[in-house]
Every structure is written in C-alpha cells, then in structure tokens.
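Open the structure in your viewer and keep the selection tool ready. The tour below goes from stop to stop and says what to select at each.

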Amino acid sequence: MGRAELARIMLSAADKEFEDDRFEKEEWPERKPNTPCGQVPVLTHGDKQIPQSMAIARYLARDLDLYGKNNVENTKCDVVIECINDVITETVKLFFEQDETKKIRSTYGSISDYENEHIEYIFVLGQIQKPEIQQKINDESEKYRDIVQGNFVDSYRNLTYKRVFSLFWVNNFCSIAKFVVKVDDDVIINIPLLIQHLRQKTKKNLLTNVLECYMHIDTEPLRQNNSKWRTSLSEYQYPTFPPYCDGFSSIKSIDVIRKMYNTTKEVPFLWLEDVYGGVFLPWISNIEMHQACVERENWHCKLFVRSFCQTLCLKRYMGTDQTTTM
C-alpha cells in the first residue's frame, strides 16, 4: 500500500474512471523534473497537477462529494485521512527498514502478553564472521535479551545446523512452553488469530503430537548444477522427496520438539533444512504432519503471512530465524 492508494480507493468508491499511471523505478529520473515538488504521487485533473497524497485526498473528497456537509463532518473526514496517513507512514518505514529484528520487535513482536497468554520471542543465529557485525549482535543481545547463537557459521548451507540448534535450545531452556512457533524473519504472525487457534487446541486437549505446517507434496530434487538448491545423487538418490513441511512457518507442541531433537542424534546430516527438519525428523520420530489449509495463500487461515519485500529490504544477518514460544 503506497501513498497513492488512498486516492485509488476514493476514485473507485465514487465509481470514477481514472488512469492509474505506474512506472518502474528506472523511469523515475526522467519523470522527476516534470512533477511538482519532485515527488509522487501526483494527481492530474484536466490541466492541473496536484502533488502531496493528503492534498490529493482532500481535493478528491471535495470534487467527488465525499466530504461532509458541514465543518464538523469535514473534520471527521480529516481525522480519518490523517489516521490513514499515519498507518502508511509507519508501513513505509518498515518497508525500507533493513533490520529484520527491528521490524519484528516493532510490529507483532512487541506483543508479549495477549488475553492472559504470555509469548516469548527468540532470534536464532549462527556465528558471524565479521567482527563489527558480531559486536552489533552482542550489543543488541545485551539490550533485548532475545538472541541466541549456536556454534556454527551462519550460512544458507548451514540452516540444518540452525534447525538442530533451535530444537536443542527450546528443549533445554524453554521446556515449560505448550507450543513453539517457528517462522522465517520475513513472516508476519497474526497474534490474535494464533492465540485463538492454540486455545481451540487447548480446549480440545490437543496438547501433544502437534505439528502443523504447509506441506510440499511430490517435490523433485533439483539436479541442475547452477541451482542454489542443487541436490546431488550422493546426497539424496530418490526421484522425489516424501511430503515435508515448508520451513517458513510451523507450529509444534513441546513434546514434538523433544522427540525431534532426540531424533537428530540418529538422522544423517542433509543440508536441505526443510527436508531434514520437515520430513526426516518427524518421520523417524513417528510424528504425523498436519496441513491446516490446502491453498498456500490461505495457509493456516492467515496465521502467517509473508511480509516484507526481500529485494528492497536487505537482510542484515544471513538466514535469521525466529522462534516464538507460548
């Protein structure tokens, strides 16, 4: 949702046809000199060009007869406009924020208690090779007390080590939790809906053998040499993987954490974290996986949503995972 979205909504609400002129970032240097104030959005109405999103909104409100009938009603409309502007401003800040942990702490991660349910958030990292970044992590950990680091190099090929370390840490230091939610750092958790979901399980006494995730079915290993996920025949010789949990989000009861951690001592290492942790560990631990929703975009009924644009928001730490315990 950008600065021009409110204008689009107003024009659509008034059933007014309009040309929605969007352009690529590369076109901006050429367009900029022809815009008032050197910025967008700009509303062109006849021979008039109107800059500033809130000025555009008020202009459209008057022109489309969406404003109030008197000063009091107009002011109420202004209040709504400014509230929307506040939301957009904070959203834009998050969109360009490069610090993934800061995004989480300032959004859903700021909720530690909800309807008498307590939530803890833990960021799981490996060892960082650059001393200046490691010092920042040390300072951040000292301030927030929510970062744990394992004794392995933090890299994409070491995500399986991170998975095992996460199981170890929760099993040893968070064993009183009822449920553990694992998400990637570009995922937003709908906390109210999640609490409701877990309470339903508690009411039904479904407190054990819980493993919910989005499941991949009949996925073939990628054998191309240029693929980031290339899996050689020596690493995995079969034509397809068994059904496995996608690593971007999952819900586990604490007993599942214990079983899976104990099983890590028996399962040979495979660098494909989703396959190792999402099928081998549950399978050998005799844990049944459950897929809450069939369609990925509706997975878990909107409990988890992919969030921030990864092409614009560079990750400060490589492969940062987050674990939430309840």
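The stops follow the chain for a while and end at a cavity.

Before starting, note that this is a predicted model, in which local features need pLDDT of at least 70 and side-chain atom pairs count only at pLDDT 80 or more, while totals for chains, interfaces and linings use all residues. Residues are numbered from 1 along each chain as its sequence is written, and side-chain values use heavy atoms, with hydrogens and water left out.

**Stop 1: D20**

Select D20, in the loop between α1 (5–13) and α2 (28–31). Helices (H or I, at least four residues) and strands (E, at least two) are DSSP runs, numbered from the N terminus. D20 is partly exposed, with a relative accessible area of 35%. On this scale, buried means under 20% relative accessible area, exposed over 50%, and partly exposed in between (1.4 Å probe, protein chains only).

Now show the side chains of R8 and R22. The D20 side chain makes a polar contact with that of R8 at 3.0 Å and another with that of R22 at 2.9 Å. A polar contact is a pair of N or O atoms within 3.5 Å; within protein, one must be able to donate a hydrogen and the other to accept it, and residues adjacent in sequence count only if both atoms are side-chain atoms.

**Stop 2**

Go on to T35, in the loop between α2 and β1. Is T35 buried or exposed? T35 counts as buried, at 17% relative accessibility. The T35 side chain reaches the backbone oxygen of K32 at 2.7 Å. A polar atom of the T35 side chain also lies 3.4 Å from the backbone nitrogen of Q39.

P41 is found in the loop between α2 and β1 (42–45). Select V40 together with P41: a cis peptide bond joins them, with omega about 10°.

**Stop 3: Q52 and helix α3**

Select Q52, in the loop between β2 (48–51) and α3 (53–63). Q52 is not a glycine, yet its phi is positive, about 70°. At 40% relative accessibility, Q52 counts as partly exposed.

Of its 11 residues, 8 are buried, so α3 is largely enclosed by the rest of the structure. The buried residues are S53, M54, I56, A57, R58, Y59, L60 and A61. After α3 comes D65, with a positive phi near 60°.

**Stop 4: R145**

Jump to R145, in the loop between α6 (131–144) and β6 (147–153). R145 is a residue other than glycine with a positive phi, near 60°. R145 is exposed, with a relative accessible area of 62%.

**Stop 5: helix α8**

Select residues 191–203, which form helix α8. The 13 residues of α8, at 1.5 Å a residue, should span 18 Å, and the end C-alpha atoms are 18 Å apart, which agrees. The expected span of a helix is 1.5 Å times one less than its number of residues.

Colour I191, L194, I195, L198 and K201, which are buried in α8. They cover an arc of only 120° around the axis, which puts them on the same side of α8. The arc is that of the directions from the helix axis to the C-beta atoms. An α-helix has 3.6 residues a turn, so residues three or four places apart point the same way.

Now look at the two ends. At the start of α8, a side-chain oxygen of N190 reaches to within 3.1 Å of the backbone nitrogen of L193. Just after α8, N205 takes a positive phi of about 60°.

**Stop 6: M289**

Select M289, in the loop between α10 and β11 (304–306). M289 counts as buried, at 17% relative accessibility. Its C-alpha is 8.2 Å from that of M215, though M289 and M215 are 74 residues apart in sequence.

**Stop 7: a cavity**

The structure holds 3 cavities of 30 Å³ or more. On a 1 Å grid over the protein atoms alone, a cavity is a set of points where a 1.4 Å probe fits but cannot get out; lining residues have an atom within 4 Å of a point. The second largest cavity has a volume of about 50 Å³. Select its lining: R163, K182, L211, C245, D246, G247, S250, K252, G277 and G278. The elements that give two or more residues to this lining are β10 (244–253) and α10 (273–284). β10 gives the most, with 5 residues.

Key. 1 Å grid on protein atoms, 1.4 Å probe; cavity = no way out; pocket = protein on both sides within 12 Å on 5 of 7 lines; lining within 4 Å. Points joined across faces, edges and corners; volume = space filled by probe spheres on them.
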